[in-house]
Structures are given as structure tokens and as C-alpha cells.
Amino acid sequence: MIKKIACIGAGYVGGPTMSVIAQKNPHIQVTVVDMNQARIAAWNDPDLANLPIYEPGLTDVVAEARGRNLFFSTEVDQAIHEADMIFISVNTPTKTYGKGKGQAADLKYIELCARQIAAVASTDKIVVEKSTLPVRTAQALKSILDNTGSGVNFHILSNPEFLAEGTAISDLHHPDRVLIGGEDDRAIQALVDIYASWVPEDRILTTNLWSSELSKLVANAFLAQRVSSINSISELCEATGANVDEVARAVGKDSRIGSKFLKASVGFGGSCFQKDILNLVYIARSYNLHEVADYWEQVILLNDHQKTRFAERIIRTMYNTVNGKHIAFLGWAFKKDTNDSRESAAIYVADHLLEEEAQIVVYDPKVPAEQIYRDLDALGTRSPEDNRRLLQVVESPSLALQDAHAVAVLTEWDEFRTYDWALVKQQMKRPAFVFDGRKLLNRKDLEVLGFQYYAIGE
Ligand code: NAD
Ligand code: UDX
């Protein structure tokens, strides 16, 4: 029976996942470690409003378990040493250098974890891959552990995480399934027992290691493919007079197709979809499966096209120039109810408009200014000084909307719906344009108020 768990990586996955495991297993001590001191300090902040991650429901879970059997620490070695089971939940970004640059997953953090576990472990450990990894990574992990360890036994399990940001706590409380891949029955059962504290057993699937690793990439690829499919149809709707929401509804009513993940948008973002599909494409190519690779690559190409075409639509509609024009961005996060902006469509739409010397003023309820500038600076399109000259981040929506030539809705935050749009209209320049990248607002209401309203797929 497992008594102590360590989790390396206190990010968007490690933090919420371990909080729920601790909440539901009060008899297990769960320690989440990270080398990022500021992040750990934020997880330990007495004021729960300062947790490093914004997720609805997270503060309640942390309040219940923290200090009881849930701990956050920078003492990585100590946590590894004491644990029976170690989750690896570190980031696996797309490689930015060398072989596979721009496509393959960068496994340097994973390898560092394996070497650290091997160096410290003096008793047998179950090592759980929680990070999303290329298929067959467990083989490399096992080799590092067995060759650099001090003779103790390591069992590797794959247990990919399927939570979505913004709904992480409810996804963790009520998962569609928990997936556990492994070779050793006792190790598998030890992890099944932890989830069985709250997940019905028929939702806990066990497979071999490679199926589990690959299933995570495939699940994200299928989800993203649905978004790209409906986004491709959104462009056809704009050309033909069909309405993409009506098409999605008609198509999604077919129980074989289903209605979820058919919301046309300015493009999917987030830290997972693009990274995981690029990784799938890279893996397929490495096995010389070029048709397979090309098929999935198209999901990314279409997504890039959707972001570009939204920006170009703004420019074209505003008489082919946005130079010096004030464009209010409502939202920067990649979806509502998260403070995460990794790969957000807003970054790329902004970059395109800034190339045309637009003056962008951003308001997002949860994403801080320094993060927005970091996102833009990371593209390297222009100097940090130019990014700050052309783009301003404000603390209230009215500051963004005052005197704007246009509003662009980039994130579907509920509060944007509740604004007094009649007042907004009075504050804006004429004609007052609204470009709705999330199909959040009501066309009729806005047109009655005199807005020029454009929404994806209409
Ligand atoms: P993240 O960047 O938010 O967190 C990763 C953390 O790991 C960081 O805080 C980093 O400091 C820490 N870390 C890295 N190397 C370390 C080391 N050697 N020792 C100690 N700490 C270390 O990443 P995330 O969003 O939590 O994603 C983690 C993994 O989970 C990725 O593989 C991702 O693909 C996968 N995943 C993410 C999501 C999601 O919604 N974000 C969902 C499912 C799966
Ligand atoms: C995704 C997967 O859903 C989750 O299972 C996995 O563990 C991690 O990756 P996440 O990226 O957090 O989760 O959010 P998700 O809800 O999947 O949205 C991803 C992007 O697609 C967002 O930018 C969202 O706005 C966009 N999207 C989603 C659409 O544009 N239309 C849709 O119908 C659904």
C-alpha cells in the first residue's frame, strides 16, 4: 500500500492533480515539489487568492488538504527519498533546437527527473509518467533508472492526464476515464487503488505502456482535429451564407458525431494541442509514415490559417489600414476560466496587427501584464520596446474600450457578455467595429445598437 507520494512539477497538471489525490486519500502523504521557488511559495501562500494557478474550485480543495496530507516544497531530493510512488509532471515543450526542432517533444526535464530519482532512491519506487510523452519514453526512463540507480527496483507506469484547464477540478473529480499503462500488475494495482478512492472502477482503464502513452497524444489530436474541422467550415460558411453554429448544431445532433468540440473560434490555443500534434507528426515521420504525418499536420496548418484570417479580416474591414488605430482586445487567455495564455490565439492575432502598427489595448480578467509582454517578446517579431510602445495592458475593460476604433473578442470570458454595450458604443469611435473571435456576443443586440458586427463563420 502506498503511504507517501511525491510529484515532481507543481504546474497546471501537478498542482491540481495532486491536490485532488490528496483530498480523496487523506491517509496518503502527498508532496508536490518544484525547482521554481516562487511557484512553491505561491502554492504555500496563506492567502489562497495567490495560488499560482487560477482554476474554479481549486482553492476549496487546497484549503481542505494543504497542511493535512498535501505539501508543497522545493526539497526535491527529500520528497523522492521518502516516497513509494513518484509522479513526474514536468513540462515537455516542443524542442526549440537540434534534431526535431519545432516538432519533437523536448525531454530534457524528464531525463533530469529520472537521473535525480535514480541518484536519490534507496528503496523500490513506482515511477509514474504524468507528463504527456512520446510513445516509448518509458523504455528510455527505465534504462536511465536501471543504469544509474543503486540497484533498487523501479516500476514505470504511464498515467496521462486528461484534465482541461478552466474545468480541471471538475474533470479530476468526475473523469471520463483514468488511464494506467504498465507491465507490473502490482504496481498497476497500487495506482488503481489510489484513483478508486473516488473514481468508479469501470472508468479506470488499464493497458500496456505504449498504448497508454500513445492514447494521450491521440486524444488531443482528435479533439483538436474537431476544432480545425469546424473552423475550416467556418470559412466556407462566410463564403456561402451558411451559419457555422447552425451547421455545427445540425451535424452534432448525429449521435455518431456528437455535439462537443464543434465551436468555431479564432483558433485553438493552450499548451497541449499544438505541441502534442507536432509530436505525433514527428513520431509518424520518424517511422516513415508520411501520409499519417501529413494528415495530422493539416490540423495545425488550418489552425494557423484561422488565426491569420481573423487578423486579416480585421484589417480588411477597417478600410485596409489599422495603422495608429486603437483596437481593444477583450481577453488574452487561451480560453475562459484560466490565467494560462500559452499558445493563445490572441498572441498571434496581436502580432499580426502590430506588424501593421495598430495600437492594441488589452484587458483580461486573469492574465497579468508582464505575462502578456513575455508572450509577445518570445515571438521575437520586434523589440520589447516596440511591443510596449504599440500594446498597452489595462486593469479595467472601460480603459480598453474608451475611444477604441474596434473591439476584438479573443477569449470567451462570461463577463464580456454582461457589459453595457450601449455605453461602450457611446465611448467608441465611429463606425464602431466588433470582431467576435469567440461568437460570444449577440449579433442582433449589437446591430440594433449600431455596431458593425463580424463573427467567425457567419
Ligand atoms: P507547467 O509548465 O505548468 O509545470 C511544469 C513544472 O515542472 C514547472 O513548474 C517546472 O518548474 C517544473 N519542473 C521542470 N523540471 C523540473 C525538475 N527537474 N525538477 C523540479 N521541477 C521541475 O506544465 P503543465 O501544464 O503542468 O504540464 C505538465 C505536463 O502535463 C506536460 O507534459 C503537459 O503536456 C501535460 N499535460 C498538461 C495539461 C494542461 O492542461 N496544462 C493537461 C494534460 C497534460
Ligand atoms: C486539452 C484537452 O481538452 C485535455 O483533455 C488535455 O488534457 C489538455 O488539452 P485544454 O487545452 O486545457 O485541454 O483546453 P480545451 O478545452 O481542450 O481547449 C483547447 C483550445 O481549443 C482552447 O483554445 C479552446 O478555446 C479551443 N476550442 C475548444 C475551440 O475553439 N472550440 C471548441 O469547440 C473547443
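Helices (H or I, at least four residues) and strands (E, at least two) are DSSP runs, numbered from the N terminus. This is a predicted model, in which local features need pLDDT of at least 70, side-chain atom pairs count only at pLDDT 80 or more, and totals for chains, interfaces and linings use all residues. Residues are numbered from 1 along each chain as its sequence is written, while chains are lettered from A and ligands numbered from 1 in the order in which they are written.

**The domains**

Colour the protein chain by its three parts: domain 1 (4–207), domain 2 (217–300) and domain 3 (305–455); these bounds come from an automatic or database domain assignment. The C-alpha centres of domain 1 and domain 2 lie 29 Å apart. Their contact (C-beta atoms, placed from the backbone, within 7 Å) takes 11 residues from domain 1 and 11 residues from domain 2.

**Residues 328–443**

Select residues 328–443, where UniProt, in an unreviewed entry, places the feature "domain: UDP-glucose/GDP-mannose dehydrogenase C-terminal". UniProt positions are given in the numbering used here, feature names are shortened, and annotations may be inferred rather than shown by experiment. Over residues 328–443 the chain is 36% helix and 16% strand, with its end C-alpha atoms 18 Å apart.

**Helix α12**

Next, select residues 290–317. Helix α12 has 28 residues and reaches 39 Å from its first C-alpha to its last, close to the 40 Å expected at 1.5 Å a residue; the expected span is 1.5 Å times one less than the number of residues. Residues W296, V299, N303, Q306, K307, F310, A311 and I314 of α12 are buried. A residue is buried if 20 or more other C-beta atoms, placed from the backbone, lie within 10 Å of its own. The buried residues of α12 pack against elements including α9 (209–240) and α13 (345–355). Just after α12, Y319 takes a positive phi of about 60°.

**Helix α1**

Move to residues 14–24. Helix α1 is largely enclosed by the rest of the structure, because 10 of its 11 residues are buried. Among them are G14, P16 and M18.

**The two ligands**

Show ligand 1. Of the 26 residues around ligand 1, G9, G11, V13, S131 and T132 come nearest; a residue is near a molecule if its C-beta atom, placed from the backbone, lies within 6 Å of it. Helix α5 (residues 108–120) supplies the largest share of this shell, 3 residues.

Finish at ligand 2, which 19 residues surround, the closest being K263, S265, F268, G270 and C272. The shell around ligand 2 draws at least three residues from each of domain 1 and domain 2.

Methods. A residue is buried if 20 or more other C-beta atoms lie within 10 Å of its own, exposed if 12 or fewer, and partly exposed in between; C-beta atoms are placed from the backbone. Two residues are in contact if their C-beta atoms, placed from the backbone, lie within 7 Å.
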